[in-house]
Amino acid sequence: MISVQEHDFSMADEYEALKSQSGGRNGAIATFVGLVRDYGDQRGVTGLSLEHYPGMTERVLETLVAQAHSRWNVSQTRIIHRVGELLLDEQIVFVGVSAAHRSDAFAACEFLMDFLKTQAPFWKKEMTQDGAKWVEAKESDSHKAQSWD
Amino acid sequence: MIPMKVKFFASLREYVGHDQLDVQWHSGDTVAELIDRLQEEYELCAKMFREKNVLCALNQSVVPVSTEVGEQDELAFFPPVTGG
């Protein structure tokens, strides 16, 4: 399941939901949460503003989930990405994957994050005392995603 | 010629000062031809395509500029993505 939303999410609830869908088949759940950090392209970041392309975002994420299912033996996937105004330490993104074995859960979770960062149409703007600035795309993120080819 | 709305997101939306602009669409046009027409019509668009790294999505999929655009298609321009 995929959600793009302004409101926060509960890691505990999302984990519990993945766990409750197991039916005895899953031996592993891998989760990742991304947070707002005080530095990015600049120092002294006080928050982020996140924008996306409604419709395309969901399509891209659905494609990535389908790719994860075809590459690894995973049971369930859950992606939540927040948009709007976020302050320091707030949660930005959640990716959770359940699987029979940990290697599939770990790999699919990292794959989904790597490709979310390079393909899903989200854009971050960093807020500082000196004003707001759009974040530049990182070559290191592209290289990380290419490493799955 | 039919007017078509083209979308802009994030830093490009701020750069051109609009989230949508009209461009005249002709049957058989490619994305590149619509970009040429946008540049002729809007000075800020010309500057944007010269100076910025611009990605193009047709019907919500990133495509090369050689792609042909249909009358009902959704065309959007945006910078490289930075989510996660």
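In chain B, 52% of the contacts with a separation of 6 or more come from residues 24 or more positions apart, a contact being heavy atoms within 4.5 Å. This is a predicted model, in which local features need pLDDT of at least 70 and side-chain atom pairs count only at pLDDT 80 or more, while totals for chains, interfaces and linings use all residues. Side-chain values use heavy atoms, with hydrogens and water left out; residues are numbered from 1 along each chain as its sequence is written, and chains are lettered from A and ligands numbered from 1 in the order in which they are written.

Chain B has 3 helices and 5 strands, where helices (H or I, at least four residues) and strands (E, at least two) are DSSP runs numbered from the N terminus. Read from the N terminus on, its elements go β-α-β-α-α-β-β-β. The radius of gyration of chain B is 12 Å, close to the 12 Å given by the globule rule for 84 residues, so the chain is as compact as a globular protein of that length; the radius is taken over C-alpha atoms, and the rule is 2.2 Å times the number of residues to the power 0.38. The C-alpha trace of chain B spans about 35 × 25 × 20 Å along its principal axes. Of its 84 residues, 43% count as buried (under 20% relative accessible area, with exposed over 50% and partly exposed in between, using a 1.4 Å probe and protein chains only).

Angles run from 0 to 180 degrees between N-to-C directions, and axes are lines fitted to C-alpha atoms, for helices over the stretch in contact.

H2 (residues 31-41) of chain B also packs against H3 (residues 43-51) of chain B, at an angle of about 130° and with the axes 5 Å apart. H2(B) and H3(B) are therefore oblique to each other (under 35 degrees counts as roughly parallel, over 145 as roughly antiparallel, 65 to 115 as roughly perpendicular and the rest as oblique). On the H2(B) side, B:Ile35, B:Leu38, B:Gln39 and B:Glu41 meet B:Glu43, B:Cys45, B:Ala46 and B:Phe49 of H3(B).

Over in chain A, an open sheet of 4 strands has antiparallel pairing and the order E5-E3-E7-E8. E5 (84-87) and E8 (131-134) of chain A are the edge strands. E7 (residues 122-128) of chain A pairs with E8(A) over 4 bridges, and A:Glu126 has A:Lys133 as its bridge partner in E8(A).

A:Thr77, in strand E4 (residues 74-82) of chain A, counts as buried at 7% relative accessibility. Beyond four places in sequence, A:Thr77 contacts A:Met1, A:Val65, A:His69, A:Gly96, A:Val97 and A:Leu112. A:Gln119, found in helix H3 (residues 102-119) of chain A, is partly exposed, with a relative accessible area of 38%. Not counting residues up to four places away in sequence, A:Gln119 touches A:Val60, A:Leu64 and B:Val81.

Technical notes. Pairing = 2+ DSSP bridges.
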